[in-house]
Amino acid sequence: MEILKERILKEASVINAGVLKLDSLLNHSVDPQLTMEMGKEFALRFAGEPITKVITVESSGIPVAFATALQLGVPLVFARRKKTLIGESDAYCERVPSFTKGIVTDLIVSRHLLSENDTVLFIDDIIANGDAARGLIKIIEQSGAKLNGIGIVIEKSFQAGGKALRELGYRVETLVKIQSLENNTITFED
Ligand code: 5GP
């Protein structure tokens, strides 16, 4: 997605060789018009698939997942990151490492929000090692729902997440692939 590449070059900054700061586009602020374009692109790529729900992880995945769900005409479910130690008997729960925070967090989804009758599209902002995605996939599996595919705004293809999910057989669509952040420079794939 060329417009997204231009905006990344203009607005993102390289924190280190593994991490990109994207506050104005994805993580701390939302451009509604650009976000709607991302949603349209995902909806186009997954058009014709029997998707009943879009699912994401709070908080940075929500805007683009919402835009995708709106285009597909289906509800959006977002996994919450649990902040208490109190058990949630009526929820699916998976513990995942957080790439940016360096801690583990629990992803939770209430059982009544996903069922075996659902075919879901997982949308997220960035993929690095794929831990958040794998956690959410486990939740989807526990619910009996089918995972139709995965749409990620930015894939850092020098990290293992996207490749690992494709090797597991999932369809992974990404809007932009970044192959390197070495030397303080953003280098796109293709
Ligand atoms: P993963 O679980 O794939 O290792 O990391 C995915 C999550 O970590 C994303 O949802 C995103 O919020 C965060 N993340 C991963 N890499 C980056 C990065 O380079 N910059 C920012 N801002 N967030 C990232």
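**Notes on the annotated sites and a helix**

1. N27 touches L22 and S60, leaving aside residues up to four places away in sequence; contact here means C-beta atoms, placed from the backbone, within 7 Å. Please keep in mind that this is a predicted model, where local features need pLDDT of at least 70, side-chain atom pairs count only at pLDDT 80 or more, and totals for chains, interfaces and linings use all residues. Residues are numbered from 1 along each chain as its sequence is written.

2. The unreviewed UniProt entry annotates L20, N27 and K156 as "binding site". UniProt positions follow the numbering used here, feature names are shortened, and annotations may be inferred rather than shown by experiment.

3. N27 sits in helix α2 (residues 23–27), while K156 belongs to strand β8 (residues 146–156). Helices (H or I, at least four residues) and strands (E, at least two) are DSSP runs, numbered from the N terminus.

4. Is K156 buried or exposed? K156 is buried because it has 25 C-beta neighbours inside 10 Å. N27 is partly exposed, with 15 other C-beta atoms within 10 Å. The cut-offs are 20 or more for buried, 12 or fewer for exposed, and partly exposed in between, counting other C-beta atoms within 10 Å, placed from the backbone.

5. K156 touches I126, I127, A128 and I178, again not counting residues up to four places away in sequence.

6. Helix α4 (residues 62–72) has buried residues including P63, V64 and L72. The buried residues of α4 pack against α3 (32–45), β3 (53–57), β4 (76–82), β7 (119–127) and β8. After α4 comes G73, with a positive phi near 75°.

Terms used. Two residues are in contact if their C-beta atoms, placed from the backbone, lie within 7 Å.
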